[in-house]
Amino acid sequence: MKYPMRRRHRVRVAVAASCGIALLASGCGLTSGSPLVDDVQPGSIGKDKPLEGADITVTSKEFTEQLLLGAIMGIAFKASGADVLDRTGIQGSIGAREAIKSGDADAMYEYTGTAWITYLGNSDPITDPQKQYEAVAKADKKNGITWLPQAELNNTYALAMNNANFKKYGTKTLSDVAALAKKDPKAVTLCVESEFANRADGLPGMQKAYGMKVPPANITQMDSGIIYTQASKGSCTFGEVYTTDGRIKAMNLNVMEDDKKFFPNYNAAPSINSKALKKYPAMADILEPITKKLNNKVAQDLNAKVDVDGQDPHDVAKEWLVKEGFVKE
């Protein structure tokens, strides 16, 4: 999907029960796909085209960052000689995950926190990002999924406010927000997604961890794209944001530090069907240097080109790969 019809920035679980495994073929977007036709050649990755003759299906979820990561992966494989089927943009987390698990798709970038909590059923995140990754990688082996080394990129939840409210209230951490809510309950109004409002690793858990009590009347649920606008205008004191979203910088929002490390780590890492990786082991070497380059600043810049400037995710991904020297046109 191209701008201006922007995709919802984050869906960590299935959008609805109807988008379950049984309906994957008919309702979750995996019935169609298009071959990548990019005329790209190896740069610093894919030399000698180690994937020549390989047929690889790449998938992703539907929000901006996932579309970018899916395109980055697909173009890298294409430059390395593979025939790549693009099945990115699947609605919700479950559809893309099950495609990798079943072998309907071969590879995607996934988030460690999503896997640990949503897929593997753990209630408590692991605060150390490397240990979180290692636990996910170990647990997912039995599901036929191999996790390659993770990126520094950590797309987790946060609360943010505009400059006017930042100067007025001076909050810098979530502990400060909790103290403000106690001192002046009317001062803390929240704009959040409905999913965040109901997730254990979202608003309910955050309030419990910080002893924060925000009256229901002060909490407004809305689509994520609107949240950034409302927080920027000051219509709500704090808006739920994602730490790699390009609109944070574009709208001059101030992010509250998660000083108690409540929110899980959502580091991106290649999640590969184990059989596919065994068949095409070169995928690991191709993705490793790319993944090492992915951090929050890179993600914010790339996401902003799509969500703020209105560029196409695929074009942005290819431009970045060429700029970094990974591939050549």
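**View 1. The disulfide between cysteine 191 and cysteine 236.** In this predicted model, the sulfur atoms of cysteine 191 and cysteine 236 lie 2.3 Å apart and form a disulfide. A search of the whole structure finds one such link. The angle about the S-S bond is -125°, and the link of cysteine 191 and cysteine 236 is left-handed. Distant parts of the chain are linked by this pair: cysteine 191 belongs to strand β8, while cysteine 236 sits in the loop between α10 and β10, 45 residues apart.

**View 2. An open sheet of five strands.** The strands follow the order β9-β8-β10-β7-β11, and their pairing is mixed. At the edges stand β9 (219-221) and β11 (254-255). Each of these edge strands has a single partner strand, so one side of each is left without a neighbour in the sheet.

**View 3. Strands β7 and β10 side by side.** Strand β7 (residues 157-161) and strand β10 (residues 238-242) run antiparallel and are joined by four bridges. Alanine 160 has glycine 239, in β10, as its bridge partner.

**View 4. Helix α10 on the sheet strands.** Helix α10, made up of residues 224-233, lies across β7, β8 (190-192) and β10. The helix runs at about 135° to β10.

**View 5. The second largest pocket.** This pocket has a volume of about 290 Å³. It is lined by 17 residues, of which Asn154, Thr156, Asp258, Lys261 and Phe263 are the closest to its centre. Sorted by class, the lining of the second largest pocket holds nine nonpolar, five polar and three charged residues.

Terms used: Residues numbered from 1 in each chain as written. Predicted model: local features only at pLDDT ≥ 70, side-chain atom pairs only at ≥ 80, totals over all residues. Heavy atoms only, no water. 1 Å grid on protein atoms, 1.4 Å probe; cavity = no way out; pocket = protein on both sides within 12 Å on 5 of 7 lines; lining within 4 Å. Points joined across faces, edges and corners; volume = space filled by probe spheres on them. Nonpolar A, V, L, I, M, F, W, Y, C, P; charged D, E, K, R; others polar. Pairing = 2+ DSSP bridges. Helix = DSSP H or I, 4+ residues; strand = E, 2+ residues; numbered from the N terminus. Contact = heavy atoms within 4.5 Å. Axes fitted to C-alpha atoms, helices over the stretch in contact; angles between N-to-C directions. Disulfide = S-S within 2.5 Å.
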